[in-house]
Amino acid sequence: MKHLSQAEEIEEIRQLVRKSGLRSTAARITVIQFLRKAKSPLTHAEIAEDLTPMGFDKATVYRNLIDLADAGLVKRTELGDHAWRFELRNPDEPEDAEHPHFVCTECGSVSCLHDVEFKTPKNKQWAAVGKVTEILLKGICSECEEEE
């Protein structure tokens, strides 16, 4: 992604939001800017913690995350801990494109594994189980492993 000035980035986000059918508001632009900088999916609480000092209350942040997810701009994922996490969808990928996540069982950190490809062969075993829609890996992250 090329480096954009702040004004260019805001205009790009504004057009993206409008194209999805939503109104372009300061809260939506700010949420998308924040998620663009995130390295992994974040909970509502993690996002609100940074955005409330900027004048956006927790309810506004949550409503906008849900609106952006419903519009297909943001992906909402639950990774086994009963907390929704949000991340931007890649606009160049199909809406149903997925990537695996790694969750550390020690510290709870979440990492996206964009470059890891899992083949789900179309065979009788997969068909008997159902359609695989998400792959979640759990283990101990390298930082926690160093502490042991």
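At what angle do helix α3 and α4 pack, and how far apart are their axes? In this predicted model, where residues are numbered from 1 along each chain as its sequence is written, local features need pLDDT of at least 70, side-chain atom pairs count only at pLDDT 80 or more, and totals for chains, interfaces and linings use all residues. Side-chain values use heavy atoms, with hydrogens and water left out.

Helix α3 (residues 44–51) packs against α4 at an angle of about 125°, with the axes 9 Å apart; axes are lines fitted to C-alpha atoms, for helices over the stretch in contact, and angles run from 0 to 180 degrees between N-to-C directions. The two helices are therefore oblique to each other, given that angles under 35 degrees count as roughly parallel, over 145 as roughly antiparallel, 65 to 115 as roughly perpendicular and the rest as oblique. On the α3 side the contact (heavy atoms within 4.5 Å) is made by H44, I47, A48 and L51, and on the α4 side by K58, V61, Y62 and L65.

Helix α4 (residues 58–70) also lies across β2 and β3, and runs at about 105° to β2. Helices (H or I, at least four residues) and strands (E, at least two) are DSSP runs, numbered from the N terminus.

These strands belong to an open sheet of 3 strands in the order β1-β3-β2, with antiparallel pairing, where two strands pair if DSSP finds at least two bridges between them. At its edges are β1 (42–43) and β2 (74–78), each pairing on one side only. Strand β1 is joined to β3 (residues 84–88) by 2 bridges, and L42 has F86 as its bridge partner in β3.
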